[in-house]
Amino acid sequence: MSDLEEHLSPIRTNLSTIVVNKINDQEQNLIQQLRDVKVSVMEKTAKPSDIDLIRPEIMESWTRSFESGLDPFNFNYPPMLSDDDFAERLEEKAFFLEVADPYFCQFEKMLFDMGCYMVLTDHEGVILRISNTLKKNKFWLQPGSIWSEQTTGTCAHCVCIQRKEPIQVCGPEHFSQIFKHISCSSAPVFNACGGLEGTLNISSSYLHSQSSQTLGLVATIASAIQKEFQLSEKKALLGVALSTDSDPVVVINQCGCVITSNAKARTLFRKDLEGQDILGFFDKSSVLEGIVRSGNTQLNKATALSYGSQKVELISVQKISYSSAQIGYALFFKNDGAVLEVKNNRYHPKSYTFSRIVGSSDKTQETILLARKFSRFDNNILLQGESGTGKEVFAQSIHNEGRSDGPFIAINCAAIPASLIESELFGYEAGAFTGAERKGKPGKIEMANGGTLFLDEIGDMPLELQAVLLRVLEDKLVMRVGGSRYIPVDFKLVAATNKNLTALVEEKTFREDLYYRLSVFTVHISPLRMRGSDVIELADFFLSQTAQNYNMTRPVLSNAVKYYLLQYHWPGNVRQLQNVIAYAFCMCDGDSIQSHHLPVEVTSRGRELTTTESVECESSVPMIAESEIPPDESQLSMKDMEKMVIRKALDDTNNHVRAAAKALGISKSTIYRKIKEYEIIL
């Protein structure tokens, strides 16, 4: 409370006696005295002894009000926003109101019993909320009215907006004489970037109703609203970065302050930009300035942005809204497919190694063992698996196992237009085509010399380029577009695809000779639904990673959540699981993630076997009622869960093993093995 003492009105301390709901002689004399001081200030005839009676901030507000053309003895009724404009303002402040309304409703009845009412304004003084207990009043104090120093003169929330600090204004300290018996206490509410979001006010029709406790109360409520508002805003913005994995994304609030970024953005910029002013980070970017200042997010083309000696391409901007209110922007940057760090003209990948691959299931361990064997040879390796299974993780692990001293160059054949993929792969000489850099540019194959070239989605490579790539693989020579000389290259090729290359060969859309060249060593990466306990291990890993990245407390997975994760069929595989965990992390407010924190598609659908999936899928877990799931007091391991489910299936089928196996979606041999392993008595 000591910090607020300087913001208290001296009017109350100068009144030695109080007569409830009545004006006593002492109060009347003080009102008249300050009225005369106000006149002398406006006429610029005030004496030092007069000025000592009033706080400097109040006197400055009087001066601004008078210079706005207001008359203290003729009340200027505040203007009103039109219905459409006010509806638009409420929409803009919807996020703020969603957080503030519960506090407003909680305290307005209590304050009514104390003879006070509450008013919530935006950052410009527009009234957004007013106590329902306040009946029609002669001041036009109502939602949609614009109260500022320019419209109504000095009052508590106007000075609060001007100074951005709590303030108490009583009686004759107001500019307008009509408020000579009104007392008010006001406190500001700031958003996540430190900008003023609005003010909260406690007002009374009686001069003596305000005290130090009143100012302390309004400051406390405003602080509580502010903390929850900032936390909710940051969590909403954080969720955008966590849920986006395909491109480097930087999330900023409406002031241009970086709230967070995803892993690919931190790799692209080689640093965490959180807390930085995005306009100050990039060199004189009129594009970003226009976005932050005007909210115009339209980009006609990719835009190059410079920071220091580096350049990146901004490819799109999206507005971020919460509860219909805009709260920030997501900046999407070009991802050339390579996860690179420039260091002494060498390129090094992120540190994915076989030892860091998460998953202890038999299928995962078999895949790691095979890939590790292949990585010791320089033969081409083909990684086959559905989208999101982690093919790039295996590619980088293969590189770090066999060629860790060289560069790792990655390119997504499906992400680059067919017209550009040739120059991306092979590079080009100066003047090779319109728009080419004056000094030319090396291609990804040339850059991979001494290391590994990772061609992701190779099934989407144009047919005409496949012949050129085949020649490079055979001769280990590359010629730039527009060039006249061959450049020797030494690289290990790792290719990946989620398509059936054999079928593409039959359709004549993929060269047969290239297919056989690529598939010398083939690694099949199983979909997540086939990898059993890996689902829970990966979920725990993503939880820990997210908590560490954002310096937040790591929640645990409830038993119910584990069941839902195991039952789901994961069409998007590991990438989808990562996004689901990111979503649940953002939605969780406590120390345990519950089933209602998961996306609805995970909890509303059981595990659906696809037509291509083998019946030997050992991750099968039958759909059971959530009421049957053990309470979280006894956290169960994967084996505990599996044993319980098998026991339940046997009970439901009267110990008929074949029927239980069918209900579980596994083979009879598998269930017999599990019965023996878990020592289940029939």
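Colleague: Why is Ser 204 counted as buried?

Modeller: Ser 204 has 0% relative accessibility, and buried means under 20% relative accessible area, with exposed over 50% and partly exposed in between (1.4 Å probe, protein chains only); Ser 204 therefore counts as buried. The model is predicted, so local features need pLDDT of at least 70 and side-chain atom pairs count only at pLDDT 80 or more, while totals for chains, interfaces and linings use all residues. Residues are numbered from 1 along each chain as its sequence is written, and side-chain values use heavy atoms, leaving out hydrogens and water.

Colleague: Which residues is Ser 204 in contact with, leaving aside its neighbours within four places in sequence?

Modeller: Contact means heavy atoms within 4.5 Å, and on that basis Ser 204 touches Gly 115, Cys 116, Tyr 117, His 181, Ile 182, Ser 183, Ser 209 and Gln 210. A polar atom of the Ser 204 side chain lies 3.3 Å from the backbone oxygen of Gly 115.

Colleague: How does the span of helix α13 compare with the span expected at 1.5 Å a residue?

Modeller: The expected span is 1.5 Å times one less than the number of residues. Helix α13 (residues 391-402) has 12 residues and reaches 17 Å from its first C-alpha to its last, close to the expected 16 Å. Its buried residues include Phe 394, Ala 395 and Ile 398, and what covers the buried residues of α13 includes α12 (362-374), β13 (381-384) and β20 (492-497).

Colleague: Why do β14 and β21 stand at the edges of their sheet?

Modeller: The open sheet has five strands in the order β14-β17-β20-β13-β21, with parallel pairing. β14 (408-412) and β21 (521-524) each have a single partner strand, so one side of each is left without a neighbour in the sheet.

Colleague: What makes β14 and β17 a pair, and how many bridges join them?

Modeller: Two strands pair if DSSP finds at least two bridges between them. Five bridges join β14 to β17 (residues 452-456), and the two run parallel. Ile 409 stands opposite Leu 453 in β17.

Technical notes. Helix = DSSP H or I, 4+ residues; strand = E, 2+ residues; numbered from the N terminus. Polar contact = N/O pair within 3.5 Å; in protein donor to acceptor, adjacent residues only side chain to side chain.
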